[in-house]
Each structure stands twice: as structure tokens, then as C-alpha cells.
Amino acid sequence: MMPRATVKLIITGDDFGYCPRRNQGIVECFLTGAVSNVSLLVNGAAVTDAVQLAKRHHIPIGLHANLSEGSPVCPALKESSSLLNTEGFFHGKMGIRRVLAEGHLNMAEVRQELTAQVELFHKLTGHLPYHMDGHQHVHVLPEIRHVFAQLLVDYGIMYTRVPIEPDLPRCSWIDPSLMAFYRSVEKDSLETVDVFRKHHIRWPDIYIGLSTMGKNMSMSNILGAIDNATAAYQANKDSVAPLSPFLGSDREARSVTVELMTHPGYPSLPPVGGCGEGPDDFSQSWERLHELETLKKPELQSCYKARNIELCSFKKLEV
């Protein structure tokens with residue numbers, strides 16, 4: 001039987017800065033060892049509070065680039081832009097995909113807004129993001145992926161997320177409508193791999209988070225996803241090229257890097273929160289609290305130790 005690999009597990013709490021209650025939940029998770037890394041929404045209603053909390057508790061923080069929810073941070077784009085709908089907000093999770101497919105999204109404006117978000121992140125935190133990904137996976141969309149990749153190179157941001165989940169096709173518990181969206185994200189991600197590789201951008205060997213989101217998060221689902229993905233990675237590492245160009249030397253040492261995407265927190269209470277147009281249904285859902293409670297379970301953290309899983313962050317990864 002093949003020895004179990006050492007797993008470096010990055011548990012990322014997304015949407016930091018969305019509202020005070022989300023911030024509170026994410027910080028609780030970090031302090032109890034339930035998350036090890038966070039992604040910040042710089043257009044979030046509680047971004048200042050989030051940055052102060054990150055500084056106080058030394059939380060490793062990256063940028064959750066947002067082109068789909070709320071308002072832009074670039075002043076020149078707030079009044080008139082291809083990024084905005086008729087109400088003056090971003091087009092939404094599905095809206096941005098539709099507008100992009102119709103050829104109506106100006107990539108120069110995408111670059112302008114992403115640059116403004118990196119600059120604001122730097123101004124707020126005093127440093128560049130340790131990693132950068134996309135809210136609602138916008139960073140792997142056609143055309144945007146090229147702008148995103150070049151921006152990371154220009155700022156020297158080395159790490160990102162590529163949401164291709166190995167076990168996704170076997171996850172029969174996922175609602176069909178959600179699965180259709182997840183498969184579209186997977187398709188976009190597969191088409192993004194070569195772009196990121198050409199720009200020498202790195203990402204973890206394994207991504208998990210679609211099959212364990214919200215009500216589908218459980219100890220068994222998290223551990224099963226990690227076990228299945230790492231076993232497949234070990235079995236295939238000598239026969240196929242890895243999707244990620246992450247830490248090549250670690251492959252020889254049987255160390256596997258995994259990112260688990262999470263969205264824990266206390267549900268938003270309107271009208272507080274959001275990214276400029278109030279909190280959405282996702283943030284108000286009981287599922288945010290369910291994720292928080294699941295991730296904080298001492299039994300889950302004991303299982304990590306038993307499986308030789310070490311919690312990590314993008315900041316701590318060696319180049």
C-alpha cells in the first residue's frame with residue numbers, strides 16, 4: 001500500500017470584508033484553527049474592519065478580485081462602464097458571463113478595475129496580496145483570464161486558484177442546477193491552465209470546495225474529498241503531468257498541496273453588508289453558519305492530524 005502523503009492544506013475563508021458578521025465568523029475560524037487563510041473583498045461593506053482584524057490577529061490575507069457583485073472601486077468606472085448594469089452595479093454572477101459571451105465587456109476596463117483593487121488592497125493592508133483569486137470564479141472566464149494573469153505577473157503575485165475539483169463528477173448530492181454551474185466553472189478552469197502556466201503562475205496541486213459548499217459541507221465530505229484527491233494525485237504523479245506547476249520539489253517528497261475553499265460566517269442581517277447593493281441571499285443563508293460550525297469541530301481537526309494533514313497558507317509556502 002502506498003504511504004500516505006503529507007498534505008499541506010490551505011483552508012481559505014472567502015468573502016472577508018463582506019459584512020461584520022462574516023468577518024466575525026471567519027476570525028473565529030482562524031483563531032480556532034478552522035481556516036488558515038483568507039481572501040479579501042476590497043469593495044466589501046466591512047473591508048476596513050476586516051483589515052484591522054487581519055492585522056490584529058496576523059491572518060494571512062489575499063485578494064478576492066470582484067467583477068460580479070456590487071460596485072467597482074475604480075472612480076473612473078463608477079458612472080459609466082461596460083462592467084456595470086443599468087442600475088450602476090456589476091452584472092452579477094451569471095450576468096457577467098452573459099455580457100462577456102455577447103462581446104460587450106471591455107477588457108481595458110477589466111484591467112483598470114482589477115488594478116484598482118490590487119492598489120486598494122495594498123493601501124489598506126500595507127502589502128501586496130499573498131495570493132489572488134476571483135469572486136464567483138470570474139478570474140478563469142474567457143478573455144478575463146488573460147488580463148488577470150498579466151496583472152499577477154506585473155505585480156509579482158505568484159499564487160492563485162484553479163477551481164478544478166477531481167471528485168466533482170461523482171458528487172451525486174449536488175443540486176443539478178448548481179452542478180451545471182460548477183461544470184461550467186470547471187470547463188473555464190481547464191481552458192485557463194495553459195494561460196496561467198505561460199505566465200508562470202502557481203496554484204495548489206488540488207482544489208476542493210464546490211462539493212463541500214454550504215449544506216453539502218460535512219466532515220465526511222471534506223475528508224473524503226481530500227483522501228480521494230490525494231490518493232489519485234499520488235497514483236498518477238509519475239504517469240501524467242500535474243495540472244499545477246506549484247511546488248515541483250514537493251512532488252518528489254510526497255507532499256501534496258490542497259486548497260479547500262470555504263465560506264464560513266454568521267449570516268448577514270440586511271441592510272448591513274454586501275459590496276455596494278446590500279447583502280445577497282448567499283450571505284444571509286443559514287449555510288454560512290453551517291460551514292462555520294462544521295469547520296470548527298474538534299473532531300475534524302483531529303482527523304487532519306491523523307491523516308498527516310498540516311494547515312498552511314499561501315504566505316507560508318516556499319518558492
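Reader: What should I keep in mind about the model and its numbering?

Author: This is a predicted model in which local features need pLDDT of at least 70 and side-chain atom pairs count only at pLDDT 80 or more, while totals for chains, interfaces and linings use all residues. Residues are numbered from 1 along each chain as its sequence is written, and side-chain values use heavy atoms, with hydrogens and water left out.

Reader: How is a pair of packed helices described, and at what angle do the axes of α5 and α6 cross?

Author: Two packed helices are described by the angle between their axes and the distance between the axes. Axes are lines fitted to C-alpha atoms, for helices over the stretch in contact, with angles running from 0 to 180 degrees between N-to-C directions; helices (H or I, at least four residues) and strands (E, at least two) are DSSP runs numbered from the N terminus. Here the axes of helix α5 (residues 144-155) and helix α6 (residues 176-198) come within 10 Å and cross at roughly 40°. That makes α5 oblique to α6, given that angles under 35 degrees count as roughly parallel, over 145 as roughly antiparallel, 65 to 115 as roughly perpendicular and the rest as oblique.

Reader: Which residues of α5 and α6 meet?

Author: With contact taken as heavy atoms within 4.5 Å, Arg-145, His-146, Phe-148 and Ala-149 in α5 meet Asp-188, Glu-191, Thr-192, Val-195 and Phe-196 in α6. By class, this contact of α5 with α6 has four nonpolar, two polar and three charged residues, where Ala, Val, Leu, Ile, Met, Phe, Trp, Tyr, Cys and Pro count as nonpolar, Asp, Glu, Lys and Arg as charged, and the others, Gly among them, as polar.

Reader: Is Asp-188 buried or exposed?

Author: Buried means under 20% relative accessible area, exposed over 50%, and partly exposed in between (1.4 Å probe, protein chains only). Asp-188, which is placed in helix α6, counts as buried at 10% relative accessibility. Not counting residues up to four places away in sequence, Asp-188 touches Val-140, Leu-141, Pro-142 and Arg-145.

Reader: How many residues does the largest nonpolar core have?

Author: A nonpolar core is a set of buried Ala, Val, Leu, Ile, Met, Phe, Trp, Tyr and Cys residues joined through side-chain atoms within 4.5 Å. The largest one has 75 residues, and those with the most contacts inside it are Phe-16, Met-132 and Tyr-304. The largest share of this core, seven residues, comes from helix α7 (residues 219-236). Leaving aside neighbours within four places in sequence, Tyr-304 is in contact with residues including Ile-222, Leu-223 and Ile-226.

Reader: Where does Leu-151 lie, and what does it touch?

Author: Leu-151 lies in helix α5 and is buried, with a relative accessible area of 1%. Among the residues that Leu-151 touches, not counting those up to four places away in sequence, are Thr-115 and Met-132. Leu-151 and Thr-115 are 36 residues apart in sequence and 7.3 Å apart in space, C-alpha to C-alpha.
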